[in-house]
Amino acid sequence: MRVLVMTVVHHPEDARILHREIASLTAAGHSVVYAAPFSARGVTPRDGLEGVDLPRSAGRNRLGAVKAARAAYRRLRDEVDITVLHDPELLLAVAGAHRGRPVVWDVHEDTAAALGMKAWLPRPARVPLAAAVRLAESAAERSVHLLLAEHGYVGRFRRPHPVVPNQTLVPAQVPPPGADRAVYLGAITLERGAAEMVAVARRLAPEGVRVELIGGADAAATPLLEQAVADGVLDWAGFQPNDTALARLPGALTGLSLLTDQPNYRHSMPTKVIEYMAHGLPVVTTPNPPAADLVTRHGCGTVVGWDDPAAAAAAVLRLRDDAERRVAYGRRGHEAALAEHDWRTAGEKFVAQLEAWARAGS
């Protein structure tokens, strides 16, 4: 099977796209044409992938990327067996052009709910645009296949669609958690808790615990991080490819997930929580419902209140001071991740579903 994978929004090294889905396809013997904003992000396609460079879609500058993606799709559609889209705007790139060729939209987020967090979008436009997005989602159900990244997305659609959740490759063995480093892995924004993590870092630094952030930051969060780094209270690695980033997790004291209370997050499991568990780290999380349920059910971390860096810092110090507790949390989290959240199982389901749709031919 030859698969065209397309994104103009996500980083070409995106964990779900490259390190999970594409990796599963190539491991199963399928070839992949990967159309993504390589030049715009300063990266090159990985070995074994046929790369197609597209412009990046960001802020209000989106139409040019969609037009370029449409041209690329029309050029490549008859050379592949199936196409996988990772951005809702790419539905415009294939609209009326796929001529019965199988197309899949991999639904990563609640797009309508996320509009409330887009600083570039004028507030008066957010409600009508959210309504338009909901209509576009309904139309997409009638024209392309849908894959959902969250069970919480099921209620947005009229028809049933397969769910392939964001998970991670879980190591069989992991070291016990350490005692002096709290980590965060993922994109860094104010909505994802950038200010709270800086405040936590300022409380923990005098206690001998370093906070390390691994991920790219948006324009609003960057000045906060830069000042904290300059003050010597925070380590910030910047964007790292997922395989490199995950290698920094083992041996940390805890993994932080301090999301703020946003509609787009209420039905979404932060993948970082599963990644922390997979590498044997106790979790400190705000009460995002899926994360709080997972951590509480498996007894592998602590849930703190929204916008409460003092409580988060105190939770980290309790783990630092109680080796028995942190080792038990780490062990239980790893066992749960290995049993229920290993991408090896989800990846097999993903590949099998694409193969079935490709065979069906539409």
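1. In which loop is threonine 168 found? In this predicted model, threonine 168 sits in the loop between strand S6 (145-148) and strand S7 (181-185), strands being DSSP runs of E of at least two residues and helices runs of H or I of at least four, numbered from the N terminus. Residues are numbered from 1 along each chain as its sequence is written, local features need pLDDT of at least 70, side-chain atom pairs count only at pLDDT 80 or more, and totals for chains, interfaces and linings use all residues. Side-chain values use heavy atoms, with hydrogens and water left out.

2. Threonine 168 counts as buried because its relative accessibility is 2%, where buried means under 20% relative accessible area, exposed over 50% and partly exposed in between (1.4 Å probe, protein chains only). Leaving aside residues up to four places away in sequence, threonine 168 touches Arg20, Leu246, Ile274, Glu275, Ala278, His341, Asp342 and Trp343, a contact being heavy atoms within 4.5 Å.

3. As for confidence, the mean pLDDT (the predictor's confidence in each residue, from 0 to 100) is 91 for the protein, and 91% of its residues reach 70 or more. Over residues 112-117, however, the pLDDT is below 50, although this stretch has 18 contacts in the model beyond near neighbours in sequence.
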